[in-house]
Amino acid sequence: DLHKEYRRQRQMCIRDRVDAPVDPPADPVDPDPEPPVIDPPVDFVQILDDGEPGFSQTGFQYLANPGQPGYGTDWHRVRANSGAGEARWTFTDLADGSYRVSATWQAAGKLARALDAPYTIRDAADSVLTTVSVNQQVTPSDRTDAGSDWRDLATVTVSGGTLVVELNESPTGSGQVLADAMRIERVDAPVDPPADPVDPDPEPP
């Protein structure tokens, strides 16, 4: 009869509800998650050694295996009062921005280093951005990278994709000038924003 049919259907509905699968509980939220690892862009730091593409010189002497090795062992030099000498490091394909320019040299040696090694930093239009006089009798000590010590020369703004560093002989003849590696580092590159904080006590679904 209708009463029995109603009871049968009601029991079937109850059984279906009991047997129905339920969603698994959500994974627990780590209250102290690890911060995301952000890889720096590949152009953050570039090192250009003497003898590599992008380096050129006139009037400098090449020392492949000097008694006091420099970055990559070798370096160039121009002796005091030997006439005009110029070394150039040209960095290309740079994104516009601010770059820290650093130099390395071997301060130890039999022949005295210059007290006033003159560096000139230029832009893509060959305009002078800044000039720096450096005492190469003192070991660079502003930072250490790639197995060498570096002296920061200046931080300059690059536009046009090119940055040139020039080094000439001592203007006063105070000693020989060494041309080794140059290092540039982008100091204003944007980084990814931090991830949203994780709620340690989230509302249940």
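Visitor: Which residues form the covered face of strand 5, and which the uncovered one?

Guide: In strand 5 (residues 86-91), Ala87, Trp89 and Phe91 make up the covered face, while Glu86, Arg88 and Thr90 make up the uncovered one. Strands here are DSSP runs of E with at least two residues, and helices are runs of H or I with at least four residues, numbered from the N terminus. The model is a predicted one, in which local features need pLDDT of at least 70, side-chain atom pairs count only at pLDDT 80 or more, and totals for chains, interfaces and linings use all residues. Residues are numbered from 1 along each chain as its sequence is written, and side-chain values use heavy atoms, with hydrogens and water left out.

Visitor: With which strands does strand 5 pair, and in which sense?

Guide: As a general idea, the strands of a sheet pair through backbone hydrogen bonds, in a parallel or an antiparallel manner. Pairing is assigned if DSSP finds at least two bridges between two strands. Strand 5 pairs in the antiparallel sense with strand 2 (residues 55-58) over 4 bridges, and Trp89 is the bridge partner of Phe55. Strand 5 also pairs with strand 11 (residues 163-168), again in the antiparallel sense, over 6 bridges; there, Asn168 is the bridge partner of Glu86.

Visitor: What is the strand order of the open sheet?

Guide: The open sheet has 5 strands in the order 2-5-11-7-8, with antiparallel pairing. Strand 2 and strand 8 (128-134) stand at the edges with a single partner strand each, so one side of each has no neighbour in the sheet. From one strand to the next, the twist averages 15°, where axes are lines fitted to C-alpha atoms (for helices over the stretch in contact) and angles between N-to-C directions run from 0 to 180 degrees.

Visitor: How many helices and strands does the chain have?

Guide: The chain has 1 helix and 13 strands, and the helix symbol opens the pattern along the sequence, α-β-β-β-β-β-β-β-β-β-β-β-β-β. Of the 205 residues in the chain, 34% are buried; buried means under 20% relative accessible area, exposed over 50%, and partly exposed in between, with a 1.4 Å probe and protein chains only.

Visitor: Which residues have the most contacts inside the largest nonpolar core?

Guide: A nonpolar core is a set of buried Ala, Val, Leu, Ile, Met, Phe, Trp, Tyr and Cys residues joined through side-chain atoms within 4.5 Å. The largest one has 33 residues, and those with the most contacts inside it are Trp89, Val101, Tyr119, Leu163 and Met182. Strand 10 gives the most to this core, with 4 residues.

Visitor: Which residues are linked in a network of salt bridges?

Guide: A salt bridge requires a side-chain nitrogen of Lys or Arg within 4 Å of a carboxyl oxygen of Asp or Glu. The structure holds 10 salt bridges, and a network of them links Arg100, Arg143, Asp145, Asp152, Arg183 and Glu185. Asp152 bridges to Arg100, with the closest N and O atoms 4.0 Å apart. That pair links distant parts of the chain, since Asp152 lies in strand 10 (residues 148-158) and Arg100 in strand 6, 52 residues apart. Asp152 also meets Arg143 at 2.8 Å, N to O, and Arg143 is partly exposed at 23% relative accessibility. Glu185 and Arg183 form a salt bridge with closest N and O atoms 3.1 Å apart, and both residues are buried.

Visitor: Is Ser148 buried or exposed, and what does it contact?

Guide: Contact means heavy atoms within 4.5 Å. Ser148 is found in strand 10 and counts as buried because its relative accessible area is 11%. Leaving aside neighbours within four places in sequence, Ser148 is in contact with Tyr71, Thr104 and Arg143.

Visitor: Where is Leu115, and which residues does it touch?

Guide: Leu115 lies in the loop between strand 6 (97-103) and strand 7 (117-122), and is partly exposed because its relative accessible area is 45%. Not counting residues up to four places away in sequence, Leu115 touches Val134, Asn135, Gln137 and Ser174. Leu115 and Gln176 are 61 residues apart in sequence and 9.0 Å apart in space, C-alpha to C-alpha.
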